[in-house]
Amino acid sequence: MSCTRFFHQSFIDTDLVSSSFVSSQQAAFPVSNIYNQQRRSKVWRSQGFWEVLSGANTIVFQETTGVDLTATIPAGEYTSSTSFFAALKTAFEAVGASTYTVVSDTSTKKVKVTCNGVGGGGIFQLRWSHAASASIAAILGYDTSTDDTGALAYLSDVLKIHTSEWLMWDLGLSGNPRALALIGPRNTPLKISPSAIIRILGNETNNWTAPSYEQTLTYNDAILQQMKEAGFHTESLRYWRLQIIDASNPLGFVEFGSVYLGEYYSPTRGSPQFPFQSEYIDRSTTVFSEGGQTFSDILPKSERFSLEWFGLTVTEKEEIDEIFTKFGVSIPMFMSFDSEANFSSSVNYFVRYVKFDKEPVVSLTSPNNYTMRMEFREEL
Amino acid sequence: MAWEVWGNPYLTGELSNTTRHQPVIFHDDIVLRACRTWVVIYNNPVFTNLQMKIYSSELVGGSQVPKKLLHTSSNSPTKAEIITLSNGVKEIYFDFDFPVFSANDTYHFVLSGTGYTGTTDSHIAWQKAFPDPVNRTGLTLSANDIGIAPFQLYFIGSEL
């Protein structure tokens with residue numbers, strides 16, 4: 001079987017998927033960007049998704065020495081940091097007499113709680129060591145070993161930007177994908193931390209307490225992918241969810257440019273022949289001054305790949321015909337050029353977001369034996 | 001000649017678990033509107049109502065078994081609606097809110113009930129489709145095969 005794979009049938013194509021949902025999105029970077037095939041550089045950015053569970057939603061604090069007050073944040077899902085912080089403020093002010101401000105600190109992105117010190121005894125203490133504060137302390141990033149005392153504003157000890165983020169798809173009918181790919185703009189690393197936990201989950205129902213399928217993706221700074229010949233799970237599942245837990249991302253958000261979840265096609269008999277040719281593309285222009293100095297207009301880089309297929313059967317040739325008919329030279333798609341990592345450091349390296357650079361050339365060498373030449377250009 | 005039917009009896013507790021289930025594989029993607037089935041009422045068992053539940057499937061020890069509850073029938077006929085006398089065979093139907101099912105996946109239909117007390121002398125039994133199941137693809141039945149005959153179940157729906 002060829003190790004070159006066409007990611008040709010996305011289950012989460014907006015024309016196909018029954019419903020799709022997102023945990024949070026910034027107005028300028030909506031999730032629709034991630035489904036827009038044409039521009040991987042148009043991205044989705046999270047806005048802060050906070051999930052507060054019932055029974056783990058209280059903060060104990062003091063405005064008067066020795067008098068504990070308990071702020072209760074309504075349990076639920078908050079789809080922006082702004083709405084979550086507003087709920088915290090309301091919870092503080094519901095039981096306290098001072099005025100409170102909860103914000104994300106502009107330089108550190110850490111959570112900052114400020115009290116104006118007007119109410120009660122004029123002090124402000126956050127009692128993180130109290131058992132009732134433990135869950136919210138973990139969510140906000142405060143150290144539970146000591147209370148915060150002696151000031152009117154406290155910055156969290158650890159950066160927390162969300163409890164998790166997710167993309168969720170209801171396929172309508174159950175399906176068993178064989179490929180997943182996630183990218184951002186080319187020439188820049190993915191805007192997720194190496195410590196991020198990224199999982200693909202699948203389930204029969206829209207309940208994620210104990211999903212039937214769960215797989216953690218291996219971190220890579222350029223592309224996240226997973227391919228399985230037999231399908232991700234043993235059964236087809238209707239609901240799929242990509243979960244991203246990257247609470248200490250210093251950017252304050254997570255970002256992706258394009259996502260794929262679906263099938264791939266890989267011819268069984270036909271395969272590209274060596275040499276596998278690739279060509280770097282750098283559209284930067286450099287001009288020389290009279291004195292010989294160079295001045296460069298730096299533009300993004302890309303890559304071009306040439307494949308020479310031999311031994312394609314009629315069925316395989318016609319399948320590739322269909323793929324070209326679907327994508328043409330105008331619509332990009334994911335491809336894996338080395339799905340077994342035979343000639344690259346990892347499978348991820350040669351999973352690329354490409355367009356046909358020109359129309360493939362087909363020749364019939366002998367009956368049921370086609371040769372095909374095609375070129376791909378990596379998209380920006 | 002008498003009309004003979006066979007069924008699998010439910011003892012107390014068995015109408016609230018998935019011990020008895022009918023695996024179904026649809027040949028096309030379908031949307032389901034309702035299903036019809038038959039229950040045997042032996043003597044006068046106590047129960048409140050019946051429902052049909054549909055579960056996903058999991059391969060355990062070489063057998064497909066129910067895994068997660070996907071859908072529950074939107075109607076739940078009460079005992080008074082099903083039968084008011086002792087002993088009988090009743091056709092009942094269960095409505096569904098148009099769930100969709102993929103071709104070639106296995107789903108399990110499970111008869112469920114509440115407030116049920118069943119004994120060997122007084123119980124509900126789910127009728128077997130023996131000797132003439134509505135769909136006998138891959139199934140050859142002889143007189144000794146009541147045990148492997150499917151439960152009597154008809155579907156009302158549409159191909160997608």
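Mentor: Let's begin with B:Arg36, which is partly exposed at a relative accessible area of 27% (buried means under 20%, exposed over 50% and partly exposed in between, with a 1.4 Å probe and protein chains only). Bear in mind that this is a predicted model, where local features need pLDDT of at least 70 and side-chain atom pairs pLDDT 80 or more, while totals for chains, interfaces and linings use all residues. Residues are numbered from 1 along each chain as its sequence is written, chains are lettered from A and ligands numbered from 1 in the order written, and side-chain values use heavy atoms, without hydrogens or water.

The partner of B:Arg36 is B:Glu91, in a salt bridge of 2.5 Å, N to O (a side-chain nitrogen of Lys or Arg within 4 Å of a carboxyl oxygen of Asp or Glu). B:Glu91 sits in strand S6 and B:Arg36 in strand S3 of chain B, so the pair ties together parts 55 residues apart in sequence (strands are DSSP runs of E, at least two residues, numbered from the N terminus). B:Glu91 is partly exposed too, at 43%.

Widening the view, the whole structure holds 27 salt bridges over all chains. One of them joins A:Arg186 and A:Glu303 at 3.7 Å, N to O. Because A:Arg186 is in the loop between S13 and S14 and A:Glu303 in S24 of chain A, this pair bridges 117 residues of sequence. A:Arg186 is buried at 18%, and A:Glu303 is buried at 3%.

Definitions and conventions: Helix = DSSP H or I, 4+ residues; strand = E, 2+ residues; numbered from the N terminus.
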